[in-house]
Amino acid sequence: MDSELIFYSLNQIKTSIDQNKEEIEKLDQAIGDGDHIFNIQRGLKATLDLKNELTGKNPDEIFKKIGTKIMTTVGGSSGALLATLLLGMAKKYDDKLSDTKNIAYMFSEGVEAMKKRGKADIGEKTMLDVLIPVSEDLIKLSNENDSVFIAKKIKQTAEKGMLYTKNIVATKGRASFLGDRAKGHIDPGARSSQLAIEAICNIIINA
Ligand code: ADP
Ligand code: MG
């Protein structure tokens with residue numbers, strides 16, 4: 001893992017988010033206030049703008065800088081929560097571990113930090129319904145050597161988590177004001193998170 005791979009991944013995430021812009025916008029219009037796509041695109045732009053400054057830096061420094069940037073530039077609950085995820089990841093970085101283990105432990109730390117910050121857990125119709133199962137599966141699979149196998153599994157886990165948000169009610173965030181009316185709509189944050197994870201998995205699968 002190096003700065004080039006991290007920024008390439010962010011670029012692939014941006015491409016996928018841009019391709020699914022209308023869908024994400026509609027999901028947050030249905031059960032939120034419609035700004036989720038704007039928040040995500042703004043965050044991606046702000047982090048990609050740091051590419052030159054951060055080229056050649058260590059991953060922990062990169063995650064810390066982009067987390068801080070997102071914290072200060074992106075609005076909405078998703079801004080603060082995604083920044084918390086990245087800052088948590090930065091704290092756990094350990095270059096003595098294999099990339100697979102390193103990513104699994106970093107991601108797990110980041111997701112735990114997000115859970116605390118947003119006082120939320122699985123089953124509340126948020127992006128955590130994607131991020132928690134992905135984090136758990138990454139830990140379970142971190143002894144595997146076949147990274148393509150891991151990426152294919154994680155891609156499925158993320159998709160399953162995203163689809164799971166469709167038919168449950170929200171107990172956190174703006175969608176929680178809707179009660180049963182939130183049912184039938186996928187959570188926008190779950191969809192954007194799943195697209196981001198899918199984009200990263202596809203880099204590994206297609207390498
Ligand atoms: P806002 O809700 O402030 O308008 P966004 O529209 O950018 O912010 O983000 C909404 C998304 O944030 C939701 O779809 C949900 O996935 C996520 N979210 C909201 N509250 C929480 C929380 N407490 N923990 C985790 N994710 C949350
Ligand atoms: Mg919103």
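**Close-up views of the predicted model**

**View 1. Lining of the second largest pocket.** The lining residues of the second largest pocket split into nine nonpolar, 10 polar and eight charged. (Nonpolar: Ala, Val, Leu, Ile, Met, Phe, Trp, Tyr, Cys and Pro; charged: Asp, Glu, Lys and Arg; polar: the others, Gly among them.) This is a predicted model, so local features need pLDDT of at least 70 and side-chain atom pairs count only at pLDDT 80 or more, while totals for chains, interfaces and linings use all residues. Residues are numbered from 1 along each chain as its sequence is written, chains are lettered from A and ligands numbered from 1 in the order in which they are written, and side-chain values use heavy atoms, with hydrogens and water left out.

The volume of the second largest pocket is about 530 Å³. It has 27 lining residues, and Ser77, Ser78, Leu81, Gly173 and Arg174 are the closest to its centre. (A pocket is an open set of points on a 1 Å grid over the protein atoms alone where a 1.4 Å probe fits, with protein on both sides within 12 Å along at least five of seven lines; lining residues have an atom within 4 Å of a point. Volume is the space filled by probe spheres set on the points, which are joined across faces, edges and corners.) Helix 2 (21-31), helix 3, helix 6, helix 7 and helix 10 each supply at least two lining residues. Helix 6 has the largest share, five residues. (Helices are DSSP runs of H or I, at least four residues, numbered from the N terminus.)

**View 2. Gly173, beside the centre of the second largest pocket.** Gly173 is among the residues closest to the centre of that pocket. Gly173 sits in the loop between helix 9 and helix 10. Its relative accessible area is 45%, so Gly173 is partly exposed. (Buried is under 20% relative accessible area, exposed is over 50%, and partly exposed is in between, with a 1.4 Å probe and protein chains only.) Gly173 and Ile31 are separated by 142 residues in sequence, yet their C-alpha atoms are 9.7 Å apart in space.

**View 3. The largest pocket.** This pocket holds about 1200 Å³ of space. Its lining counts 43 residues; Ile13, Met89, Phe107, Ala196 and Ile200 lie nearest the centre. By type, the lining has 31 nonpolar residues, 11 polar and one charged. At least two residues each come from helix 1 (3-19), helix 3 (36-48), helix 5 (59-73), helix 6 (76-92), helix 7 (99-118), helix 8 (128-141), helix 9 (147-164) and helix 10 (188-205). Helix 10 gives the most, eight residues.

**View 4. The magnesium ion (ligand 2).** Its protein donors are Asp28 (OD), Asp33 (OD) and Asp35 (OD), at 2.0 to 2.4 Å. (Donors are N, O and S atoms within 2.8 Å of the metal, or 3.2 Å for Na, K and Ca; water is not among the atoms, so sites may look incomplete.) Along the chain, the donors have the spacing D-x4-D-x1-D. Asp28 has a relative accessible area of 7%, so Asp28 is buried. Asp35 is at 26% and therefore counts as partly exposed.

**View 5. The largest nonpolar core.** The core has 51 residues, and those that touch the most other members are Ile17, Phe63, Ile66, Phe107, Val134, Ile154 and Ile197. (A nonpolar core is a set of buried Ala, Val, Leu, Ile, Met, Phe, Trp, Tyr and Cys residues joined through side-chain atoms within 4.5 Å.) Helix 8 gives the most to this core, seven residues. With residues up to four places away in sequence not counted, Ile197 touches Val130, Leu131, Val134, Ile154 and Ala158. (Contact means heavy atoms within 4.5 Å.)

View 6. Gln194 belongs to helix 10. At a relative accessible area of 2%, Gln194 is buried. Beyond its neighbours within four places in sequence, Gln194 contacts Val130, Ala158, Glu159 and Met162. Ser135 belongs to helix 8. Ser135 is buried too, at 7%. Its contacts are Phe107, Ser108 and Val111, not counting residues up to four places away in sequence.

**View 7. Lys119 and Lys125, in the loop between helix 7 and helix 8.** Phi of Lys119 is near 45 degrees, a positive value in a residue other than glycine. Lys119 is exposed, with 66% relative accessible area. Phi of Lys125 is also positive, near 60 degrees. Lys125 is buried, at 1%.
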